[in-house]
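Please keep the sequence and the structure in view while reading.

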Amino acid sequence: MDFPSACIALGFLLMFHAAFSTVHYKGLAQLAGSSSHDHLIPFDVKVEVLVSIVVTLFGTLTKASRFVPFSGSESLGESSWSANVSESKSFRIFNHRNKFLKQRLAKKK
(Lines give C-alpha, C1' and ligand atoms only; values in the text may rest on other atoms or scores of the structure.)
Protein backbone atom coordinates (compact mmCIF):
# COMPACT_ATOMS: atom_id res chain seq x y z
CA MET A 1 0.00 0.00 0.00
CA ASP A 2 1.43 3.35 -0.99
CA PHE A 3 1.62 6.35 1.32
CA PRO A 4 -1.48 8.26 0.06
CA SER A 5 -3.64 5.14 0.34
CA ALA A 6 -2.35 4.57 3.86
CA CYS A 7 -3.25 8.19 4.73
CA ILE A 8 -6.77 7.71 3.40
CA ALA A 9 -7.20 4.45 5.33
CA LEU A 10 -5.82 6.03 8.51
CA GLY A 11 -8.18 9.00 8.12
CA PHE A 12 -11.20 6.72 7.79
CA LEU A 13 -10.09 4.65 10.77
CA LEU A 14 -9.68 7.78 12.88
CA MET A 15 -13.14 8.98 11.82
CA PHE A 16 -14.65 5.60 12.70
CA HIS A 17 -12.90 5.67 16.09
CA ALA A 18 -14.20 9.18 16.77
CA ALA A 19 -17.75 8.08 15.97
CA PHE A 20 -17.40 5.01 18.19
CA SER A 21 -15.97 7.13 21.02
CA THR A 22 -18.86 9.58 20.76
CA VAL A 23 -21.46 6.82 20.93
CA HIS A 24 -19.63 5.20 23.86
CA TYR A 25 -19.37 8.52 25.72
CA LYS A 26 -23.06 9.32 25.22
CA GLY A 27 -23.99 5.85 26.47
CA LEU A 28 -21.88 6.31 29.59
CA ALA A 29 -23.38 9.75 30.15
CA GLN A 30 -26.90 8.32 30.00
CA LEU A 31 -25.97 5.55 32.45
CA ALA A 32 -24.56 8.14 34.83
CA GLY A 33 -27.87 9.96 34.75
CA SER A 34 -26.68 13.30 33.46
CA SER A 35 -29.17 15.59 31.76
CA SER A 36 -29.46 15.75 27.99
CA HIS A 37 -27.60 19.08 27.80
CA ASP A 38 -24.59 17.93 29.79
CA HIS A 39 -23.23 15.27 27.46
CA LEU A 40 -21.86 17.23 24.54
CA ILE A 41 -19.15 15.77 22.34
CA PRO A 42 -15.78 15.79 24.18
CA PHE A 43 -13.00 18.07 22.99
CA ASP A 44 -10.58 15.20 22.20
CA VAL A 45 -13.15 13.64 19.87
CA LYS A 46 -13.56 16.96 18.06
CA VAL A 47 -9.78 17.16 17.64
CA GLU A 48 -9.70 13.56 16.38
CA VAL A 49 -12.37 14.36 13.78
CA LEU A 50 -10.41 17.39 12.54
CA VAL A 51 -7.18 15.37 12.35
CA SER A 52 -8.95 12.59 10.44
CA ILE A 53 -10.37 15.09 7.94
CA VAL A 54 -6.95 16.64 7.38
CA VAL A 55 -5.22 13.25 7.00
CA THR A 56 -7.88 11.97 4.59
CA LEU A 57 -7.78 15.19 2.57
CA PHE A 58 -3.98 15.04 2.39
CA GLY A 59 -4.08 11.42 1.21
CA THR A 60 -6.73 12.16 -1.39
CA LEU A 61 -4.91 15.17 -2.78
CA THR A 62 -1.55 13.41 -2.96
CA LYS A 63 -3.08 10.30 -4.56
CA ALA A 64 -4.58 12.26 -7.44
CA SER A 65 -2.41 12.31 -10.53
CA ARG A 66 -1.21 15.47 -12.19
CA PHE A 67 -3.72 17.41 -14.20
CA VAL A 68 -3.13 17.29 -17.93
CA PRO A 69 -3.71 20.52 -19.82
CA PHE A 70 -6.77 20.25 -22.02
CA SER A 71 -6.30 21.38 -25.55
CA GLY A 72 -8.81 20.65 -28.26
CA SER A 73 -6.22 20.87 -31.01
CA GLU A 74 -4.34 17.89 -29.54
CA SER A 75 -7.36 15.61 -29.65
CA LEU A 76 -8.58 16.78 -33.08
CA GLY A 77 -5.21 16.79 -34.77
CA GLU A 78 -5.10 19.00 -37.85
CA SER A 79 -8.83 18.90 -38.60
CA SER A 80 -11.25 21.54 -37.38
CA TRP A 81 -14.19 21.07 -35.04
CA SER A 82 -16.80 21.88 -37.69
CA ALA A 83 -15.37 19.26 -40.05
CA ASN A 84 -15.67 16.57 -37.38
CA VAL A 85 -19.22 17.58 -36.45
CA SER A 86 -20.48 17.58 -40.02
CA GLU A 87 -19.08 14.07 -40.57
CA SER A 88 -20.79 12.70 -37.49
CA LYS A 89 -23.92 10.64 -38.18
CA SER A 90 -25.57 11.82 -34.99
CA PHE A 91 -25.83 15.36 -36.39
CA ARG A 92 -27.63 14.23 -39.52
CA ILE A 93 -31.27 14.64 -38.52
CA PHE A 94 -33.99 14.31 -41.14
CA ASN A 95 -37.10 13.94 -39.01
CA HIS A 96 -37.10 16.60 -36.34
CA ARG A 97 -39.83 18.31 -34.42
CA ASN A 98 -40.02 21.39 -36.62
CA LYS A 99 -42.37 19.56 -38.96
CA PHE A 100 -44.68 18.59 -36.10
CA LEU A 101 -44.55 22.01 -34.48
CA LYS A 102 -45.61 23.66 -37.73
CA GLN A 103 -48.59 21.30 -37.94
CA ARG A 104 -49.64 22.03 -34.34
CA LEU A 105 -49.33 25.78 -34.83
CA ALA A 106 -51.36 25.58 -38.04
CA LYS A 107 -54.13 23.68 -36.21
CA LYS A 108 -54.28 26.29 -33.43
CA LYS A 109 -54.80 29.14 -35.88
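Which residues form a nonpolar patch on the surface? Met15, Leu50 and Ile53 do so, and together they have about 270 Å² of accessible area. The model is predicted.

**The protein as a whole**

- From the N terminus on, the order of elements is α-α-α-α-α.
- The protein has 109 residues, of which 17% count as buried.
- Its accessible surface comes to about 9600 Å², and carbon and sulfur atoms account for 67% of that area.
- Among contacts between residues at least 6 apart in sequence, 75% join residues that are at least 24 apart.

**Helix H1**

- Helix H1 covers residues 3-32.
- With 30 residues, H1 reaches 43 Å from its first C-alpha to its last, which is close to the 44 Å expected at 1.5 Å a residue.
- The buried residues of H1 are Pro4, Ser5, Cys7, Ile8, Gly11, Ala18, Ser21, Thr22 and Ala29.
- These buried residues of H1 pack against H2.
- After H1 comes glycine 33, which has a positive phi near 85 degrees.

**Helix H2**

- Helix H2 covers residues 43-63.
- With 21 residues, H2 reaches 30 Å from its first C-alpha to its last, close to the 30 Å expected at 1.5 Å a residue.
- Val45, Glu48, Ser52, Val55, Thr56 and Gly59 are the buried residues of H2.
- Seen down the axis of H2, these buried residues fall within an arc of 95 degrees, so they line one face of the helix.
- An α-helix has 3.6 residues a turn, so residues three or four places apart point the same way.
- On the other side of H2, the residues Phe43, Leu50, Val54 and Leu61 are exposed.
- The buried residues of H2 pack against H1.

- Threonine 22 lies in helix H1, and it counts as buried because its relative accessible area is 14%, which is under 20%.
- Apart from neighbours within four places in sequence, threonine 22 is in contact with Ile41 and Val45; Val45 is one of the buried residues of H2.
- Phenylalanine 58 belongs to helix H2 and counts as partly exposed, at 43% relative accessibility.
- Not counting residues up to four places away in sequence, phenylalanine 58 touches Phe3 and Cys7; Cys7 is among the buried residues of H1.
- The C-alpha atoms of phenylalanine 58 and isoleucine 8 are separated by 7.9 Å, although the two residues are 50 residues apart along the chain.
- Leucine 13 is found in helix H1 and counts as exposed because its relative accessibility is 57%, which is over 50%.
- The C-alpha atoms of leucine 13 and threonine 56 are separated by 9.8 Å, and these residues are 43 residues apart along the chain.

**The salt bridge**

- Side chains of opposite charge can pair when their charged atoms come close.
- How many salt bridges are counted? The count comes to 1 salt bridge.
- Aspartate 2 forms a salt bridge with lysine 63, and the closest N and O atoms are 3.8 Å apart.
- Aspartate 2 lies in the segment before H1 and lysine 63 in helix H2, so the pair ties together parts that are 61 residues apart in sequence.
- Aspartate 2 is partly exposed, with a relative accessible area of 38%.
- Lysine 63 is also partly exposed, with a relative accessible area of 45%.

**The nonpolar patch**

- Isoleucine 53, a member of the patch with Met15 and Leu50, is found in helix H2.
- Is isoleucine 53 buried, partly exposed or exposed? Isoleucine 53 is partly exposed, because its relative accessible area is 43%, a value between the limits of 20% for buried and 50% for exposed.
- Leu50, another member of the patch, is one of the exposed residues on the other side of H2.

Conventions: Residues are numbered from 1 along each chain as its sequence is written. This is a predicted model: local features need pLDDT of at least 70, side-chain atom pairs count only at pLDDT 80 or more; totals for chains, interfaces and linings use all residues. Side-chain values use heavy atoms; hydrogens and water are left out. Patches are made of residues with over 30% relative accessible area and no salt bridge: like charges are joined within 9 Å, nonpolar side chains (Val, Leu, Ile, Met, Phe, Trp, Tyr) within 5 Å. Accessible areas come from the Shrake-Rupley method with a 1.4 Å probe; for residues, only the protein chains shown count as cover. A salt bridge is a side-chain nitrogen of Lys or Arg within 4 Å of a carboxyl oxygen of Asp or Glu. Helices (H or I, at least four residues) and strands (E, at least two) are DSSP runs, numbered from the N terminus. Buried means under 20% relative accessible area, exposed over 50%, partly exposed in between (1.4 Å probe, protein chains only). Contact means heavy atoms within 4.5 Å. The expected span of a helix is 1.5 Å times one less than its number of residues. The arc is that of the directions from the helix axis to the C-beta atoms.
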